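Good morning, colleagues, and thank you for coming.

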Amino acid sequence: MLRSLAVAALLACAALWVMSGAAVCWGEDWRQWRGPAGDGVSGERGLPQRWTREQNVVRRVELPGPGNSTPVISGDRIFLTQPPAEKAQRSLLCLDVQSGQTVWSRTVEWLGADPTHSTNPMCSSSAVTDGERVIAWFGSTGLHCWDVEGRLQWSRDLGVQQHIWGYGSSPVIAEGRVYLNFGPGENSALYALDVKTGEVLWQRAEPLDRDGT
């Protein structure tokens with residue numbers, strides 16, 4: 001819907017940007033989907049309450065394509081999942097907070113079927129970071145971990161994820177583990193993995209409905 005305005009995803013970052021004259025002061029980190037406490041609330045004060053294409057926007061950065069994921073912020077870097085022009089590619093972008101320039105980009109490929117809905121582009125799951133590493137889930141393409149400099153730490157193939165609506169759940173990091181709601185689809189399950197190694201610590205299949213389906 002917003003190919004040339006896919007930058008709208010970065011407007012969420014403006015909620016953490018407070019302008020004072022020519023200086024820009026950066027607020028608290030926003031390291032996961034829905035923020036520090038997972039409730040969509042920021043502890044910052046005096047934030048702008050209204051945005052347009054020009055109002056309260058520090059800068060605008062054009063992205064490769066539209067997407068439903070939200071940017072996450074750690075220190076001076078923004079991490080954002082993006083579907084590049086090539087249909088088989090899934091990407092994670094790292095942008096500089098102050099300049100908006102791309103620091104690095106990492107891409108993985110999936111050549112199999114990957115159905116989704118027209119309102120849910122690929123790479124709709126938000127990345128998560130603990131300040132040392134950043135993790136992104138790309139459905140059937142797997143769960144991938146890079147350090148904040150873009151060096152691959154591990155990749156984990158959790159199997160095929162297929163559903164008419166695609167996927168959109170975002171991984172969460174807590175107490176040395178990364179948790180992922182893998183689904184929807186036939187292989188739906190909750191996973192817990194070691195955040196440093198990607199080792200699957202446990203998985204729990206989605207409970208069946210009462211009628212057995």
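This is a predicted model: local features need pLDDT of at least 70, side-chain atom pairs count only at pLDDT 80 or more; totals for chains, interfaces and linings use all residues.

Let us begin with Thr 81, which, once its neighbours within four places in sequence are set aside, is in contact with Ser 69, Ser 91, Leu 92, Cys 123, Ser 125, Ala 127, Ala 136 and Phe 138. Thr 81 belongs to strand 4. Is this residue buried or exposed? Thr 81 has a relative accessible area of 0%, and because anything under 20% counts as buried, Thr 81 is buried.

Two of the contacts just listed deserve a further word. A polar atom of the Thr 81 side chain lies 2.8 Å from the backbone oxygen of Cys 123. The side chain of Thr 81 also reaches the backbone oxygen of Ser 125, at 3.0 Å.

The chain has 213 residues, of which 40% count as buried. Its secondary structure consists of one helix and 14 strands. If we take the contacts between residues at least 6 apart in sequence, 49% of them join residues at least 24 apart.

In general, the strands of a sheet pair through backbone hydrogen bonds, in either a parallel or an antiparallel manner. Here four strands form an open sheet, in the order 3-4-5-6, with antiparallel pairing. Which strands stand at the edges? They are strand 3, residues 72-74, and strand 6; each has a single partner strand, so one side of each is left without a neighbour in the sheet. From one strand to the next, the twist of this sheet averages 20°.

Within this sheet, please look at strand 5, residues 89-96, which pairs with strand 6 in the antiparallel sense over seven bridges. Gln 89 stands opposite Glu 109 of strand 6, and Leu 95 stands opposite Thr 102 of that strand. Strands 5 and 6 form a hairpin with five residues between them. In the turn, Gly 100 has a positive phi of about 80°.

There is a second open sheet of four strands, with the order 11-12-13-14 and antiparallel pairing. Its edge strands are strand 11, residues 172-174, and strand 14, each of which pairs on one side only. Neighbouring strands in this sheet are turned by 20° against each other on average, direction ignored. Strand 13, residues 189-194, is joined to strand 14 by five bridges, and the two run antiparallel. Ala 189 stands opposite Ala 205 in strand 14.

My next topic is the aromatic rings. How many aromatic pairs are there? The count comes to five. One of them is formed by Phe 79 and Trp 104, a tilted pair with 6.0 Å from centre to centre and 45° between the planes. Why does this pair matter to the layout of the chain? Phe 79 lies in strand 4, residues 77-82, and Trp 104 in strand 6, residues 102-109, so the pair ties together parts that are 25 residues apart in sequence. Both Phe 79 and Trp 104 are buried.

A further tilted pair consists of Tyr 179 and Trp 202, at 6.2 Å from centre to centre and with 55° between the planes. This pair, too, links distant parts of the chain, with Tyr 179 in strand 12, residues 177-182, and Trp 202 in strand 14, residues 200-205, 23 residues apart.

Elsewhere, the charged end of Arg 34 sits over the ring of Trp 33, 5.6 Å from its centre.

I shall finish with a residue in a loop. Ile 164 is placed between strand 10, residues 152-156, and strand 11. Its relative accessible area is 60%, and because values over 50% count as exposed, Ile 164 is exposed. What does Ile 164 touch, not counting residues up to four places away in sequence? The residues are Thr 116 and His 117. The C-alpha atoms of Ile 164 and Asp 114 are separated by 9.1 Å, although the two residues are 50 residues apart along the chain.

Thank you for your attention.

Technical notes
Residues are numbered from 1 along each chain as its sequence is written. Side-chain values use heavy atoms; hydrogens and water are left out. Rings of Phe, Tyr and Trp (its six-membered ring) pair if their centres lie within 6.5 Å; planes under 30 degrees apart count as stacked, over 60 as edge-to-face and the rest as tilted. Buried means under 20% relative accessible area, exposed over 50%, partly exposed in between (1.4 Å probe, protein chains only). A charge sits over a ring if NZ of Lys or CZ of Arg is within 6 Å of the ring centre and within 35 degrees of the ring normal. Two strands pair if DSSP finds at least two bridges between them. Axes are lines fitted to C-alpha atoms, for helices over the stretch in contact, and angles run from 0 to 180 degrees between N-to-C directions. A polar contact is a pair of N or O atoms within 3.5 Å; within protein, one must be able to donate a hydrogen and the other to accept it, and residues adjacent in sequence count only if both atoms are side-chain atoms. Contact means heavy atoms within 4.5 Å.
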